[in-house]
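Dear colleague,

I am handing over the structure below, and my notes on what was found in it follow directly after. Please read them alongside the coordinates.

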Amino acid sequence: MAHLVLTLVEHRDGHIRKSSLEALSLGKRLAAEGGGTQAALIVGKGVTNLASEIAARGAALVVIADHDVAAEYSTEVHAKAAERAIEKIGAGLILESATAQGKDLAPRIAARLQAPYLADIVDARVENGKLIAVRPEYAGKALIRVAVPVSKVVVTARPNVFPAEASAGAATPETTSIDLSDVKPRARVVRFVGASEETVDVAEAEIIVSGGRGLKGPENFPLVFELAKALGAGVGASRAVVDAGWIDHDHQVGQTGKTVSPTLYVACGISGAIQHLAGMRTSKCIVAINKDADAPIFKIADYGLAGDLFEILPRLTEAVKKVKGAG
Amino acid sequence: MKILVCLKQVPATDSRIKPSGDGHAVDLGGVEWVVNPYDEFALEEALRLKEKHSGEVVVLSLGGDRIEEAMRSALALGADRAVVLKDPAFVGAEPLAVAEALAAMAKRESPDLILCGKQGVDHDRMAVPAMLAEKLDWPQATVVVKLEIAADGKTAHAEREVEGGHEELELTLPAVIAAQKGLNEPRYANLKGIMAAKKKPVTVVTASELGLNPPASSVEILEVLQPSQARKNRMIAGDPAQQVEELVRILRTEEKIL
């Protein structure tokens, strides 16, 4: 029997990534709404043992592509694995999390299948054979509700938006495997270089502390890093300070940076230009710290602290450490 | 080497975006149209590669009459010529149709490399570069912040941004590379370039010349919404110590985040 959903599962360091757990929960729900089942695909080297965990997260069938050639992520290898999985088991809705990998891979698969592609969805349900989904455009300044037949569509789901359900417990997975030994990718990952800061990546962070012009200079960015470290947070930045070279572009939040939806967003010395607000307005709770009580950032903040961030941030870092220390 | 650069126009990032009267489209009346910011990095990289390896830079685009302006600005910066598919059916088409059109244009050029911006800052799909690579059956590297082409022009070394770091890739050419901010610092046009651009060729092609069918879409737009999220807008007063104490209390006991 063909499956309604095929979810592509990502892993890192031997574990299924949280964003993929979210995708599996979403895929399970969408399959149920459409009266079908979810299958999942795992591609890598030495990944067969992840099948039971994937099954416990709601996959009726786990397709395994375990091969040396898949040791590192490769668009071509993963796209071939998806193509073969779909050929073998049949699936209408191809789902992946909108991670760096998902955004690189999913459109390639969509083009191969000649299927419509919905990127970075933030809401979804299946109704009368159609996927009804909401996707942001213009970095979230507009939300577009679209409908597309569930029988053929490729979708990426924004991380940190859909909940990951708890595991259903140990399961004996139904599995099938596909071969990749004939695949010869022309682009290969030869090295991974981790970011130097000891903080969480802003795209994946559940809490983000962001700094802007109000910090007055790059020498004051450690105030933001220290608060982020105390909170276990990622560090964000406004375009102004990225363009001024205070911090690397990896940190930029906004329309020409990253669009984020953390549980908590702390904006420090950010006035709230429309291009920045677009990138963080879907955060669940927004705290703004700014000298200017009329700054636009306060209009979209839940909690505003008008005041001197050089006084506030060190105190906040200490207070957070105390709270966390007390457990 | 011959390099193609795909370029599109988008509303400037400080534009206010609102739904149209019937709520089925985005109202783009009165917005300022600019070259997609990520495409500027792609063009700059192409110009630098041409300076280093010699060759030709050709700009590709799809659009209506307005696109001419973007083409001229690319030519003013140093691109050698431009090819535009002018067909209203392709304006606002789904990314797959755009990729198919670009692939058809690229096949007539036989380039060594295609550079694109990693995404349009309008639809934010990040789809066209990967789809174009697929339609040409070429390798791809997306979200690229560093690019080097080997002296023999046969391979490339690219660094792409991923969660928590950078992936370094080796690719054989031809390939599609999608540029991320940070790849380079785009130049500005000078008067000499602007004057020279007036004489550079802009070739207009049609869908039928390219053997393209009119794009079909199975994606139905039901509604365009404006994001609205109720915010508490609570200002916390007091001196810094009091503000911090109150904020921490709220985050702990009310929001239950800490």
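The domain assignment divides chain B into domain 1, covering 2-205, and domain 2, covering 228-258, and the centres of these two domains of chain B, taken over C-alpha atoms, are separated by 44 Å. Please keep in mind throughout that this is a predicted model.

As for chain B as a whole, its secondary structure consists of six helices and 15 strands, and its C-alpha atoms fill a box of roughly 65 × 45 × 40 Å along the principal axes. Of the 258 residues in chain B, 48% count as buried, and, among the contacts in chain B with a separation of 6 or more, 68% are accounted for by residues 24 or more positions apart.

The other finding concerns a pair of helices, one from each of chains A and B: helix H4 of chain A (residues 100-113) packs with helix H4 of chain B (residues 128-136) at an angle of about 45°, the axes being 8 Å apart. Because angles from 65 to 115 degrees count as roughly perpendicular and those under 35 as roughly parallel, this angle makes H4(A) oblique to H4(B), and the crossing of the two helices is right-handed.

On the side of H4(A), the residues that meet H4(B) are Asp104(A), Pro107(A), Arg108(A), Ala110(A), Ala111(A) and Arg112(A), while their counterparts in H4(B) are Ala130(B), Met131(B), Ala133(B), Glu134(B) and Lys135(B).

Technical notes: Residues numbered from 1 in each chain as written. Chains lettered and ligands numbered in written order. Predicted model: local features only at pLDDT ≥ 70, side-chain atom pairs only at ≥ 80, totals over all residues. Helix = DSSP H or I, 4+ residues; strand = E, 2+ residues; numbered from the N terminus. Buried ≥ 20, exposed ≤ 12 C-beta atoms within 10 Å, placed from the backbone. Contact = placed C-beta atoms within 7 Å. Axes fitted to C-alpha atoms, helices over the stretch in contact; angles between N-to-C directions. Parallel < 35°, antiparallel > 145°, perpendicular 65-115°, else oblique. Left-handed = near helix turned anticlockwise from the far one by under 90°. Domains from an automatic or database assignment.
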